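Hi there,

Here is the structure I promised to pass on to you. Please open it first, and then read my notes below with the picture beside you.

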Amino acid sequence: MPKRSNLFQKVVYLTKKAAASNAKVEESRFLVDRVTGKKREVDVCVETNLHGHTIILGIECRDTKRAASVEWVEQHKAKHERLDTNLLVLMSRSGFSSEALKLAKLSGIEALSLESINQESVA
């Protein structure tokens with residue numbers, strides 16, 4: 001089986017796990033694509049119950065030296081439209097292009113870079 005994690009993803013996972021007191025946090029969780037029926041990996045999933053409803057937050061991580069592109073945001077937006085995630089957070093170690101940030105904001109996707117992580121964003 002190929003390696004499905006990297007140090008940046010592991011840090012995101014452990015940070016969310018430490019902050020999520022009443023939630024289930026999993027690294028490299030597989031969810032079923034509603035169109036193809038095949039399993040797709042999500043880097044980190046945070047699952048909680050809110051007033052009797054299951055909420056799944058999907059977090060995708062990018063650990064490269066270049067800023068995340070608008071194409072990367074488009075890929076994950078399309079992917080998560082077919083998965084049972086309710087919210088999407090994109091984490092990039094090197095930030096995002098201005099186009100990528102604009103698309104994320106217009107799409108209701110939270111785009112966080114390593115520099116933007118603080119106590120509030122962790123919680």
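Histidine 76 sits in helix H2. It counts as buried because its relative accessibility is 11%; buried means under 20% relative accessible area, exposed over 50%, and partly exposed in between, using a 1.4 Å probe and protein chains only.

Before going on, please keep in mind that this is a predicted model: local features need pLDDT of at least 70, side-chain atom pairs count only at pLDDT 80 or more, and totals for chains, interfaces and linings use all residues. Residues are numbered from 1 along each chain as its sequence is written, and side-chain values use heavy atoms, with hydrogens and water left out.

**Helix H2**

Which residues of H2 are buried? They are Val70, Trp72, Val73, His76, Lys79 and His80. The cover over these buried residues includes strand S2 (39–50), strand S3 (53–62), strand S4 (87–92) and helix H3 (98–106).

**The whole chain**

The protein chain has four helices and five strands. These are DSSP runs numbered from the N terminus, with helices (H or I) of at least four residues and strands (E) of at least two. Along the sequence they follow the pattern α-β-β-β-α-β-α-β-α. Of the 123 residues in the chain, 39% are buried. Among contacts with a separation of 6 or more, 51% are between residues 24 or more positions apart.

**The sheet**

The five strands form an open sheet in the order S1-S2-S3-S4-S5, with mixed pairing; two strands pair if DSSP finds at least two bridges between them. At the edges are strand S1 (24–32) and strand S5 (110–113), each pairing on one side only. S1 and S2 run antiparallel and are joined by eight bridges. As one example, arginine 29 has valine 42 in S2 as its bridge partner.

Most residues other than glycine have a negative phi. What is the phi of serine 28? It is near 55 degrees, a positive value. Serine 28 is in strand S1, and it counts as buried because its relative accessibility is 18%. Histidine 51 also has a positive phi, of about 55 degrees, although it is not a glycine. Histidine 51 lies in the loop between S2 and S3, and it is exposed, with a relative accessible area of 73%.

Cysteine 45 is buried at 1% relative accessibility, and cysteine 61 is buried at 11%. How many disulfides are there? The count is zero, taking a disulfide as a pair of cysteine sulfur atoms within 2.5 Å.

Finally, look at asparagine 6, in the segment before helix H1 (7–19). It counts as partly exposed, at 29% relative accessibility. Asparagine 6 and aspartate 43 are 37 residues apart in sequence, and their C-alpha atoms are 9.8 Å apart in space.

Happy exploring!

Key. Contact means heavy atoms within 4.5 Å.
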